[in-house]
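Subject: Structure for you to look at

Dear colleague,

I am handing over the structure below, together with a short account of what was found in it. Please keep it open beside this message as you read.

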Amino acid sequence: EVVQEPSIVAAIGPGVGRAQAMVRDAFLSFQRILTGRISTKNLGGIITIGRTTHSIASVGLIPFLFFLCMISIHLGVLNLLPIPALDGGHLLFLLIEGIRGKPVSERVQIWFNLGGFVIVMSLVIFVTILDIQRLVP
């Protein structure tokens, strides 16, 4: 779908609207993966991202830029999830501090961040294994 506006200023509204739709789609995708409505086989890591980027870049500049925006928004949404060790986890600790009136103990933060790190690294390993399986017939 090609949307063309007469000026950059006029393009801001549709651009923001499309970005909001991408954020909503990212949350829906994460929800569907967690509930099993989307197979985890559809996940991809750095190898899949690289191959897809190359494929889309060969189509043209506009699809390439659109894909980069989509990847950026998805990574931003993932980063804001309330997983310790990610920015969303830090925001969660700040929210808890705001409600309690005092910060969560350093020891609790360390353990939760370690747990979040393990979750994130497990996901990285999982999608890398999926990527390698796609490469090997």
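Within helix α1, the residues Ala 21, Met 22 and Ala 26 are buried, where buried means under 20% relative accessible area, exposed means over 50% and partly exposed lies in between, with a 1.4 Å probe and protein chains only. Please bear in mind that this is a predicted model, in which local features need pLDDT of at least 70 and side-chain atom pairs count only at pLDDT 80 or more, while totals for chains, interfaces and linings use all residues. Residues are numbered from 1 along each chain as its sequence is written, and side-chain values use heavy atoms, with hydrogens and water left out.

The cover over the buried residues of α1 includes α3 (61–80). Helix α1 has 28 residues (8–35) and should span 40 Å at 1.5 Å a residue, which agrees with its end C-alpha atoms being 40 Å apart; the expected span is 1.5 Å times one less than the number of residues. Just after α1, Gly 36 takes a positive phi of about 85°.

Taken as a whole, the protein chain has five helices and zero strands, these being DSSP runs numbered from the N terminus (helices H or I, at least four residues; strands E, at least two). Its radius of gyration is 19 Å, well over the 14 Å that the globule rule gives for 137 residues, so the chain is more spread out than a compact globule; the radius is taken over C-alpha atoms, and the rule is 2.2 Å times the number of residues to the power 0.38. Of the 137 residues, 17% count as buried.

The largest pocket holds about 1,200 Å³ of space. A pocket here is an open set of points on a 1 Å grid over the protein atoms alone, where a 1.4 Å probe fits, with protein on both sides within 12 Å along at least five of seven lines, and lining residues have an atom within 4 Å of a point. Grid points are joined across faces, edges and corners, and a volume is the space filled by probe spheres set on the points. Of the 30 residues that line the largest pocket, Phe 30, Leu 43, Gly 44, Leu 78 and Leu 123 are the closest to its centre, and α5 gives the most to this lining, with seven residues.

The second largest pocket has a volume of about 690 Å³, and the closest to its centre among its 17 lining residues are Glu 1, Val 3, Arg 18, Ile 62 and Phe 66. Both α1 and α3 give two or more residues to the lining of this second largest pocket.

With best wishes

Note on methods. Contact means heavy atoms within 4.5 Å.
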